[in-house]
Amino acid sequence: MTDQPRPRTGGPAALGDGAAHGIVLRLTDPARIRAARTNTERAAASAAARRTGSFWLQHAEIPFTARRADRMRQREVRRPLHDADPGLRTVLTCYPDGVADLVVVARRGVLDHAGLRALLHGLTTPDRDMSALVTALRERTARGAAGRPPAPAPSWGLVEDELPELPELVESEHPADEAEFAPEVAVAAAAVALSRYERSATVRLAVIVTEPAGRAPGAKVIPVEAGDELPLSTLVTQVRTALRSPAEESADALPPVCLVLTGHTPDEEYVPLAPQAVPLTLTWHGDEGVVLAAGHTHDPAAVHPVVARDFARHTRHLAAQLADAAPGRAVGDLALLDGPEADAVLALGRTTRTGAPGAATLHDAVARFAREQPDAVAVCDATRRLTYRELDARAADWARVLVDRGAGPGRFVGVCLKRTTDLVVALLAVLKTGAAYVPLDPQAPDARLRHIAEDAGLALVVTTLSGFPAAEGTGVLRPAALTAAAPESAGTALPSAGPDDPAYVIYTSGTTGRPKGVVVAHRNVLALLDATAQDLDLGTGDVWTLFHSAAFDFSVWEIWGCLLTGGRLVVVPHLVTRTPEDFHALVLREGVTVLSQTPSAFAGFLEMDARTAAAPAPRLIVFGGEAFDPRMVGTWFSRHPDSACRLVNMYGITETTVHVTARDVRSWDGHERSRCVGRPLPGWSVSVRDNRGRPLPPGAVGEIWVGGAGLALRYLNRPELTAERFADDRFSGERLYRSGDLGRLRLDGALDHVGRLDEQVKIRGFRIELGEVRSVLVGDPGVVDAAVVVEGQEAGPAHARLVAYTVLAEGTATADVRRRSAAILPDYMVPAEFVALAVLPLTLNGKLDRAALPATRRPLTAPPGGGQGRPVDGTDPAAAMLAVWRSVIAADLGPDDHFFTAGGNSLLAVRLLEALRRQGFGTVSMRDLYRHPTPAALAAVTGAPLAPPVA
């Protein structure tokens, strides 16, 4: 068959074609080309040959040196064998300048490697009986070779990057360097490169060793230990031993990288596996114990061509270092990138600051608006509204009193107030004294408040708590006392402060369990607003909410983001933040235009929005504080198009002033880039580093390091930790913060956030990212929200297991979620237990409260009615009460089970009280629940329902 278009085979059926392999031969001898043309035409006309394969001849109207010619050749190499096709395909492409490419591809069960080479020889030999040759070769081939399942696409492939359109197929790169290495050095170098890309000390490689006249074995999968401390001599010996050992058959999926060590001549290329089986294949040619890098091939659906090219180059760079390494060197001494490439990677993650802030301090910026728009409302709560003039004047009055009581530059003043306008006044007042404020949440336990007060050495505390656990000598002042004392301090001068002075100290969780204070300067916050105000169009017409605790750094963005751009700040009471119905109503009532939410907190707002008739949405919603999955807002876009409401996901860290990167979330993002958090803000920089602080290329997973305008001053009273986490970079000379977060840089300079250093776990030897499992769960249409944790590790590796906590949509069964997740995840990543909850518990900061997740030794079952309560029999108070508790908390709850022991938390408490109200129990307060925390005890004080059950 000649000059006819071949069918474009492929699709889902081709994915099982992992046992395909082939040979590509470039022909320059006119006699061999003539023989190949004649034999191909004879085979195409032979019915016997067609039962085994298809034979094609095509004439190209371009020279063989053209880029398009290489693409045509690669297309034939990559074209998979469809299940309905014969098991053999040959394609001869003749070019007008006297050169031809002959491609032979077959399933291993049809032709083995020796058979492929014999067919190649037969096609290029004059006067061969092709039908007899094909039949003989097929009979000689051992049948039944099933191969292995294809390797999954590697996470470092980055095939979905938004880059300029590239050709569908890109030719293999043929390296310019001519360095030769021992085969074990080439394999060891590839193993080190893979370990750096995957951030794993143990990797698996597929290796195929072929000889010109011999039979090629199947892919030998070898594990390689490549930890940083391993001596290089041990690494090479380990690989050499593995290469010499017999291949072991396995049904496991192939690893993402395959090395082919071949003795073929350069004009002949052996393709060991179909592209769908191994995403990236590196080919090395040679003999007599040395090999030379000959290029690479990759599956364009699994690995971006730029990443494939870079991986191959990094392997050669590592091989050169391995070959020249001095005795005693370790794996960690090998550098993945050379100097110029490291510089280029660092430049990719760096942005330019737009300009200098217009004010020296936060309170200077607020004072400017007090002059420019004195009568505009600055802050309000349920009972009070303060204009910018009133806010600035009241804060100045309080500041003078605080100065008289000992506040001033270099001092720290605690603020522990409920969420009212007084909270905002107090924070601004502290800044006007030249001191830094230390926010404390009145909901926090006394032990935490006491630790912070002592660690910060608070000079004063402004609070309404009657029993605040202040250290001896610390003055405690109430807002009313500040107001009363203001006339006496009217003549007190307010100290000045500069941009490098501390503005606040926020305490974050520490790995030791003791919170640590982060000292942030005025210039850091001013730079944050300078970097974002224009892009987000922040201005005087905006209405913001103060939703989060002042002790959580998201509040810095909410408070100062509003007041430094002249907006109106709506202070949301704590209980309203825990009641989605009330908060949603507040947003509509106040006309909120800028809403900041953690994804966990937004889940409740999303639910209420879906229940509400068409209503305007905020023009801007900013997500932060924890990992965000775009799939959770799929239904939002069906009600609020992109043009009506802008969603922005911002990744940030307290130590780098709230936000570091930003990325717009679009309606079409639901199934793509769920881990992408965008590019750094102007003036910030991000890079991904290995264990030794060296930059890693796009795609490789490592620790996120942050630099630029947002870096905090220090940890309070922790010089050793400050020196460890805030490091001077030996590559760029900048001061950088080591975040402890795992990420990978994208080819366009955007960042993927892939978890914490301590969230990568191992189950039965498999490395698992908990975020990946959660991503699959929240992608299930029946799952509203989910969290994944590891249990049983303290009992030993054999007892470790994954547990999934899920919030299910009404009508969804846990068994259905388990079944659907098992269809996507490998078996070792499917949670061993699924626990259904009415809602995931949140911390005071609105993040997932892992400590509050119920223990699985007493598994909770899915609450009927989605945790909203169901009609109950109201004749027996105890039975009616128990039925409501079971409908909200757990279906197997007993009458004497304690609320918190059963997995209760603040959000469940709100749900329970609402369900009790609906069932006719009247208004039961939070205090009633805390004092009578069992169904039986609460029923004894409430009595029977006062109204018929609500259907």
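A residue is called buried when its relative accessible area is under 20%. The model described here is predicted. By that cut-off, 57% of the 951 residues of the chain count as buried.

**Overall make-up**
- The chain contains 27 helices and 37 strands.
- Among the contacts in the chain with a separation of 6 or more, 70% are accounted for by residues 24 or more positions apart.

**Helix α16**
- The buried residues of α16 are Phe554, Ser555, Val556, Trp557, Glu558, Ile559, Trp560, Gly561, Cys562 and Leu563.

- In soluble globular proteins, nonpolar side chains tend to be buried together.
- The largest nonpolar core in this model has 142 residues, and the members that touch the most other members are Trp284 and Trp560.
- Helix α6 (residues 183-198) supplies the largest share of this core, with 11 residues.
- Apart from this core lies another one, of 26 residues, which includes Leu27, Ile33, Leu57 and Leu88.
- Leaving aside residues up to four places away in sequence, Trp560 touches Leu362, Val366, Leu427, Leu428, Leu431, Tyr437, Val525, Leu529 and Thr565.

**Helices α10 and α11**
- Two packed helices are described by the angle between their axes and the distance between the axes.
- Helix α10 covers residues 362-372 and helix α11 covers residues 388-404; their axes come within 8 Å and cross at roughly 135 degrees.
- This angle makes α10 oblique to α11.
- The crossing in which α10 passes α11 is left-handed.
- On the α10 side, the contact is made by Val366, Ala367, Phe369 and Ala370, and on the α11 side by Tyr388, Arg389, Leu391 and Asp392.
- Sorted by class, the contact of α10 with α11 holds six nonpolar residues, two charged residues and no polar ones.
- Val366 of α10, which takes part in this contact, is also among the residues touched by Trp560.

**Threonine 90**
- Thr90 is located in strand β3, which runs over residues 88-94.
- With a relative accessible area of 0%, Thr90 is buried.
- Not counting residues up to four places away in sequence, Thr90 touches Ser54, Phe55, Trp56, Val103, Val104, Leu119 and Leu123.

How values were computed: Residues are numbered from 1 along each chain as its sequence is written. This is a predicted model: local features need pLDDT of at least 70, side-chain atom pairs count only at pLDDT 80 or more; totals for chains, interfaces and linings use all residues. Side-chain values use heavy atoms; hydrogens and water are left out. Axes are lines fitted to C-alpha atoms, for helices over the stretch in contact, and angles run from 0 to 180 degrees between N-to-C directions. Helices (H or I, at least four residues) and strands (E, at least two) are DSSP runs, numbered from the N terminus. Angles under 35 degrees count as roughly parallel, over 145 as roughly antiparallel, 65 to 115 as roughly perpendicular and the rest as oblique. A crossing is left-handed if the near helix is turned anticlockwise from the far one by less than a right angle, and right-handed if clockwise. Contact means heavy atoms within 4.5 Å. Ala, Val, Leu, Ile, Met, Phe, Trp, Tyr, Cys and Pro count as nonpolar, Asp, Glu, Lys and Arg as charged, and the others, Gly among them, as polar. A nonpolar core is a set of buried Ala, Val, Leu, Ile, Met, Phe, Trp, Tyr and Cys residues joined through side-chain atoms within 4.5 Å. Buried means under 20% relative accessible area, exposed over 50%, partly exposed in between (1.4 Å probe, protein chains only).
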